[in-house]
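User: I'm new to this one and would like to learn how to read it. Could you walk me through it feature by feature?

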Amino acid sequence: MPVTAAAVRRTGRIGGNPMEKRKKQRLEDAGWRVGSTADFLGLSDEEAALVEVKLGLANAVRKHRSRRGMTQAQLGRLLGSSQSRVAKMEAADPSVSIDLMVRSLLRMGASRKDVAAFIATPISRRAA
């Protein structure tokens, strides 16, 4: 089941594991304010969802490249780009567009259905 932006805001996380309740209570008792990444950054529901999508695609590019036994340089040549651009894609760098990540996946042989699954699967439920 995909994580929605509302769920990200409600649960306080974009991927990863939730904080243990005892630890959260200890931090709050010590005067710390505990919240989500989205709250800390002041992200709207749409912005939080976009971050989740971009991170999912970046992860998919890395996994798909690795499964094909390709280096970043080899993928860069396949795309008519560079190794450093592939590294930025895999790191979800803000300078890399979602369009480029989707085109990269399709170029590596992923189907449209695969790409949709990469977008829809929450980061916390993806296989490591």
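User: Let's start with charges. Which residue forms a salt bridge with Asp99?

Analyst: A salt bridge here is a side-chain nitrogen of Lys or Arg within 4 Å of a carboxyl oxygen of Asp or Glu. For Asp99 the partner is Arg103, with the closest N and O atoms 2.8 Å apart. Before we go on: this is a predicted model, where local features need pLDDT of at least 70 and side-chain atom pairs count only at pLDDT 80 or more, while totals for chains, interfaces and linings use all residues. Residues are numbered from 1 along each chain as its sequence is written, and side-chain values use heavy atoms, leaving out hydrogens and water.

User: Where do Asp99 and Arg103 lie?

Analyst: Helices are DSSP runs (H or I, at least four residues), numbered from the N terminus. Both residues lie in helix α7, four residues apart, or about one turn of the helix. In general, an α-helix has 3.6 residues a turn, so residues three or four places apart point the same way.

User: Are Asp99 and Arg103 buried or partly exposed?

Analyst: Buried means under 20% relative accessible area, exposed over 50%, and partly exposed in between (1.4 Å probe, protein chains only). Asp99 comes out at 45%, so partly exposed, and Arg103 is partly exposed at 47%.

User: How many salt bridges does a search of the whole structure find?

Analyst: Two. Besides the Asp99 pair, the side chains of Arg65 and Glu90 meet at 2.5 Å, N to O. Arg65 sits in helix α4 and Glu90 in helix α6, so this pair ties together parts that are 25 residues apart in sequence. Both Arg65 and Glu90 are buried.

User: Back to α7. Which of its residues are buried?

Analyst: Helix α7 covers residues 98-107, and its buried residues are Leu100, Met101, Ser104 and Leu105. Looking down the helix axis, they fall within an arc of 135°, so they line one face of α7. That arc is taken from the directions from the helix axis to the C-beta atoms. These buried residues pack against α4, α5, α6 and α8.

User: What about the loops? Where is Met70 found?

Analyst: Met70 is in the loop between α4 and α5. At 13% relative accessibility, Met70 counts as buried. Arg65, Leu75 and Leu78 touch Met70, not counting residues up to four places away in sequence. Another loop residue is Ala92, between α6 and α7, which has a positive phi of about 55° although it is not a glycine.

Note on methods:
Helices (H or I, at least four residues) and strands (E, at least two) are DSSP runs, numbered from the N terminus. Contact means heavy atoms within 4.5 Å.
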